[in-house]
Amino acid sequence: MIFDILTIFPDFFRSPLEGGILRRGIEAGLISVNPVNLRDFTSDRHRTVDDRPFGGGEGMVMKPEPILKALDSLQISPLDAKVILMSPRGRVFNQSIAAELSVERRLVIICGRYEGVDQRISDHCVDMELSIGDYVLSGGEAAALVVMEAVGRLIPGVLGCEDSARNDSFSNGILEYPQYTRPRRFRGWEVPPVLLSGDHAAIARWRRREALKATLRRRPDLLGKAKLDPEDLRLLDGLKEERP
Ligand code: ADE
């Protein structure tokens, strides 16, 4: 997967790419990240990427020319890549969008700044606008990093163990069960005994119930869309009877 990141802060991505999952993917030859400095595609002495909005108002708007020139420089064909604009007006990013994007060969991510990006870029050059949540950041760089990390870890071979992506919270529509590690007893707090029992079927049942319980208590909105079997529904009925 190639990530081309169009930004006025290419250095923003340096440190996150030096460690963690993205670096692993890069070293394994599964991911390549290409930060593109939009200022390299300006033609004035001040390397201007923004201008005042038509119609007046506060703030500055990112000019279309540097973005279009940067896109042209990548020489991508529409079949080869998806062009994404990070924007608080976009579709709200989630695990299923991450999975959808992880099968692409190339993602071009445009990081907006200032009050926004000239709408003609969005109308004519972008396949998808993405938001990472209902809040406003000063720019799309941090959001682009979130998307790269969530998508990158779904690319086969990037995570050490494929199972760890499959069991993640959200991957089957509900939250993950709680995890414990050594020591067995810590400040008097015990690990749930079933996890020490060696009974794999009982552990799997406990984990499913805890995953459903966490989802019911913390994110009941997810249950409507989750893939639940009759046993899950029976467990949920029991959990609804319980006092939190
Ligand atoms: N740029 C500014 N705010 C954003 C958000 N919430 N998501 C994506 N890009 C943004």
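Let me start with one residue. Leaving aside neighbours within four places in sequence, E141 is in contact with T7, I8, F9, F12, F13, C111, G112 and R113. Contact here means heavy atoms within 4.5 Å.

Some ground rules. This is a predicted model, so local features need pLDDT of at least 70 and side-chain atom pairs count only at pLDDT 80 or more, while totals for chains, interfaces and linings use all residues. Residues are numbered from 1 along each chain as its sequence is written, and side-chain values use heavy atoms, with hydrogens and water left out.

Back to E141. Is E141 buried or exposed? E141 is buried, at a relative accessible area of 1%. Buried means under 20% relative accessible area, exposed means over 50%, and partly exposed is in between, with a 1.4 Å probe and protein chains only. E141 belongs to helix α6. Helices are DSSP runs of H or I with at least four residues, strands are runs of E with at least two, and both are numbered from the N terminus.

Helix α6 leads us to α2. α6 (141-152) and α1 (14-17) are among the elements that cover the buried residues of α2. Which residues of α2 are buried? In this helix, residues 20-27, they are I21, L22 and G25. Seen down the axis of α2, these buried residues fall within an arc of 100°, so they line one face of the helix. The arc is taken from the directions from the helix axis to the C-beta atoms. In general, an α-helix has 3.6 residues a turn, so residues three or four places apart point the same way. The face of α2 turned away from the buried side carries exposed G20 and E27. After α2 comes G29, with a positive phi near 75°.

Next, strand β6, residues 106-111. V108 lies in this strand. V108 is buried, with a relative accessible area of 0%. Its contacts, leaving aside neighbours within four places in sequence, are D4, L6, L71, L74, I76, A81, K82, V83 and I84. Take L71 from that list. V108 and L71 are 37 residues apart along the chain, and their C-alpha atoms are separated by 8.3 Å.

Now the overall layout. The chain is divided into domain 1 (2-152) and domain 2 (167-242). Those bounds come from an automatic or database domain assignment. The C-alpha centres of the two domains lie 37 Å apart.

On to the pockets. A pocket is an open set of points on a 1 Å grid over the protein atoms alone, with protein on both sides within 12 Å along at least five of seven lines; lining residues have an atom within 4 Å of a point. Points are joined across faces, edges and corners, and a volume is the space filled by probe spheres set on the points.

The largest pocket has a volume of about 630 Å³. Where does it lie? Domain 1 and domain 2 both give residues to its lining, so the largest pocket lies between them. The lining has 20 residues, and Q95, S96, F170, S171 and G173 lie nearest the centre. α4 (95-101) and α7 (162-166) each supply at least two lining residues. By class, the lining has seven nonpolar, six polar and seven charged residues. Ala, Val, Leu, Ile, Met, Phe, Trp, Tyr, Cys and Pro count as nonpolar, Asp, Glu, Lys and Arg as charged, and the others, Gly among them, as polar.

A word on S171. S171 lies in the loop between α7 and β8. S171 is partly exposed, at 30% relative accessible area.

Which element gives the most? That is β5, with five residues. Eleven lining residues are nonpolar, ten polar and five charged.

Last, the backbone. Most residues other than glycine have a negative phi, and most peptide bonds are trans. R47 is not a glycine, yet has a positive phi of about 55°. R47 sits in the loop between β2 (32-37) and β3 (50-51), and is partly exposed at 34%. R187 also is not a glycine and has a positive phi, of about 50°. R187 sits in the loop between β8 and β9 (189-190), and is exposed at 68%. Finally, the peptide bond from R182 to P183 is cis, with omega near 5°. P183 is in the loop between α7 and β8 (185-186).

Note on methods:
1 Å grid on protein atoms, 1.4 Å probe; cavity = no way out; pocket = protein on both sides within 12 Å on 5 of 7 lines; lining within 4 Å.
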